[in-house]
Amino acid sequence: MAEDGSQALEQFCLLAKSAKGRAVVGIIQQTLSSKRIYVFGELLAMPSVQALRGTEHAPHLDLLEIFAFGTYGDYRAKGDAMPPLTPAQLTKLRQLSLVSLARESAVVAYATMQEELAVDNVRDLEDAIIETIYAGLLSGKMDQMSAEFRVAKAAGRDVKLDTVGDLAAKLEAWAATAGQLSAELEENKASAKAMRDQRKDEQLALDGKIEDAKKGLKGEDLHGGAYDGMDVDRPKRRGKRTRMPFGK
């Protein structure tokens with residue numbers, strides 16, 4: 001699905017190279033309605049698309065930016081300044097909004113998702129979650145008893161250029177932490193190996209002492225006068241006496 005979406009986006013970008021004004025708006029609308037495209041950074045960076053800024057078609061550029069970086073809540077916050085959404089676009093923007101929530105927290109409350117998606121009942125919310133899962137954007141488990149969604153995985157979204165620096169800093173911090181953890185793990189492995197070797201040596205020494213003790217006990221049995229199966233303290237039995245017949 002990701003490969004198909006990439007190819008479809010590439011086709012729209014090729015069309016946008018030579019388009020202007022209203023033709024670019026049409027390309028944006030088709031892109032936002034496509035069921036295969038969920039990232040928009042490449043189209044957003046096109047000069048012909050950026051040329052819409054400051055013109056009568058600027059709201060369509062704003063709409064494309066919301067699909068790339070924002071949520072349905074951002075769209076609603078702009079009110080009548082935004083172009084109306086088609087049913088397909090509304091579904092997609094709600095799906096992308098769920099992805100954003102899932103990337104922020106491993107457990108998302110139903111109430112939070114309902115507020116972001118502007119849905120009144122749990123059934124509509126769960127239908128939206130299921131659609132997002134089927135689209136390959138999200139995976140996890142719905143917990144109806146706790147009224148929350150437990151996130152297993154969420155797709156990536158476009159990144160704003162002005163946040164790349166912060167993202168790079170976070171990655172560097174993560175790499176430093178990972179390096180430190182790796183060093184600590186190596187130290188723990190070396191310490192654990194040393195402990196195992198010490199215990200092994202101690203066990204071998206103990207086994208040697210036990211073996212020596214066994215040999216000592218066998219030596220006492222052989223030279224101490226104790227013989228198996230014989231009672232040396234019991235007096236010798238008297239020989240049998242021949243009984244004489246009575247009357248003799």
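**Exercise 1.** Decide whether E65 is buried, partly exposed or exposed, and find its salt-bridge partner.

*Solution.* Start with the classes: buried means under 20% relative accessible area, exposed over 50%, and partly exposed in between (1.4 Å probe, protein chains only). E65 has 23% relative accessibility, so it counts as partly exposed. A word on the source: this is a predicted model, where local features need pLDDT of at least 70, side-chain atom pairs count only at pLDDT 80 or more, and totals for chains, interfaces and linings use all residues. Residues are numbered from 1 along each chain as its sequence is written, and side-chain values use heavy atoms, leaving out hydrogens and water.

Next, look for a salt bridge (a side-chain nitrogen of Lys or Arg within 4 Å of a carboxyl oxygen of Asp or Glu). E65 pairs with R53 at 3.0 Å, N to O. This pair links distant parts of the chain: E65 lies in helix α5 (residues 58-69) and R53 in the loop between α4 (47-50) and α5, twelve residues apart. Helices here are DSSP runs (H or I, at least four residues), numbered from the N terminus.

**Exercise 2.** Find how far apart K193 and D197 are at their closest N and O atoms, and how they sit in helix α10.

*Solution.* First, the closest N and O atoms of this salt bridge are 3.1 Å apart. Then place the pair: K193 and D197 are four residues apart in helix α10 (residues 164-223), so about one helical turn separates them.

**Exercise 3.** Classify E148 and R150 as buried or partly exposed.

*Solution.* E148, at 16% relative accessible area, is buried. R150, at 39%, is partly exposed.

Key. Helices (H or I, at least four residues) and strands (E, at least two) are DSSP runs, numbered from the N terminus.
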